[in-house]
Amino acid sequence: MSTNDNPEEPEGTGRTPESPKSSEPEKSPEPQKSPEPPQLPQSPQLPQSPQQPRSSEPVQPPRAPEPPEPSEEAPAQPEETGRQRLAAGLWPPRVSRAQLIVALLLFVLGLGLAIQVRSNSDSSALRGARQEDLVRILDELDGRTKRLEDEKQRLEDQRKELESSSDQAEEARRQTVEKERQLGILAGTVAAQGPGITLKITDPTGQVQSDQLLDTLQELRAAGAEAIQINGVRIVASSYFSDEDGGVAIDGKKITQPYEFKVIGKPQDLEPALNIPGGVVQTLEKEQATVAVTRSAKIVVDALRAAKQPDYARSSSS
């Protein structure tokens, strides 16, 4: 019997023969993908240490290093006081260039202000003067101001007379004669008379010297004295005083005490000028001298000085 390669199928199965299969594989339907859930931000992963082999012994944590034991105890340093810290902060100074420039400018500014204040301050001798001296100086200034005002008024009257006079030449001649008389009184070449005072200084102990008499003369001149005579000696602008044995000399002529001043001027000005506190009278009384001041309506000054002719000076009108 012959054998076939394909076994025969049993009969009576009722199956129809299958159609031959195609060479292409059949595609199965793709499964539907479900929507993916939103992904959360992942935290950074720490680096994993390499795996160590497991051992049966427990792992012990590392021990902290122990501090080294000091071999010797360090000596304790003394604490600084506040004054020492302040001194250390101030010295040596730490100054920049800008600070030096600013300090120099401030120094120059302060120096200028000090000089300005010093120049504007009153540096005269009046700052240290006594009250008596200040009163005397003020009285002298008042008297001098009054005399200057009178002189100004007199000159204005003369100018008006010259302008209003019909004969101006005659008026000018009259005023010239009056001026000559006044200059003669000042120069001591003519006698003079008028109201004034008499000052008598008695010095029994001989303590009054020439400088004190000179101070008395200057006080009288400052008070407005116009003509002065001392013990028969006419006082002029060039008069000088000197000490002599047993007395005082005026212009080389010796005079002895009592010293008598004859002064022509306004008595209301002359006497108070001598009696002010700290003035002439008090100064002479400290020297054990006796001072007497007498007012008079008529004082005669008749001591004369010879008029000196100049050797070189000549009048410019000749």
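Q: Is aspartate 243 buried, partly exposed or exposed?
A: In this predicted model, aspartate 243 belongs to strand β4. Buried residues have under 20% relative accessible area and exposed ones over 50%, with partly exposed in between. Because the relative accessibility of aspartate 243 is 45%, the residue counts as partly exposed.

Q: Is glutamine 212 buried or exposed?
A: Glutamine 212 has its place in helix α5, which covers residues 210-222. When its neighbours within four places in sequence are left aside, glutamine 212 is in contact with Gln207, Leu284 and Glu287. The cut-off for a buried residue is under 20% relative accessible area, and since glutamine 212 has a relative accessibility of 14%, this residue counts as buried.

Q: How far apart are the closest N and O atoms of lysine 146 and aspartate 150?
A: Both lysine 146 and aspartate 150 lie in helix α3 (residues 131-164), where they are 4 residues apart, about one turn of the helix. Lysine 146 is partly exposed at a relative accessible area of 38%, and aspartate 150 is likewise partly exposed, at 41%. The two form a salt bridge, in which the separation of the closest N and O atoms is 3.1 Å.

Q: What is the N to O distance in the salt bridge of arginine 181 and glutamate 178?
A: Arginine 181 and glutamate 178 are separated by about one helical turn, because they are 3 residues apart in helix α4 (residues 168-187). Arginine 181 is partly exposed with a relative accessible area of 43%, while glutamate 178 counts as partly exposed at 31% relative accessibility. Side chains of opposite charge can pair when their charged atoms come close. Here the side chains of arginine 181 and glutamate 178 meet in a salt bridge with an N to O distance of 2.6 Å.

Q: How many residues apart in sequence are the parts that glutamate 271 and arginine 295 tie together?
A: Glutamate 271 forms a salt bridge with arginine 295, with the closest N and O atoms 2.3 Å apart. Because glutamate 271 lies in helix α6 (residues 267-275) and arginine 295 in strand β8 (residues 290-301), the pair ties together parts whose separation in sequence is 24 residues.

Q: How many salt bridges does the structure hold?
A: Among the salt bridges are the pair of lysine 146 with aspartate 150 and the pair of glutamate 271 with arginine 295. For the structure, the number of salt bridges is 5.

Conventions: Residues are numbered from 1 along each chain as its sequence is written. This is a predicted model: local features need pLDDT of at least 70, side-chain atom pairs count only at pLDDT 80 or more; totals for chains, interfaces and linings use all residues. Side-chain values use heavy atoms; hydrogens and water are left out. Helices (H or I, at least four residues) and strands (E, at least two) are DSSP runs, numbered from the N terminus. Buried means under 20% relative accessible area, exposed over 50%, partly exposed in between (1.4 Å probe, protein chains only). Contact means heavy atoms within 4.5 Å. A salt bridge is a side-chain nitrogen of Lys or Arg within 4 Å of a carboxyl oxygen of Asp or Glu.
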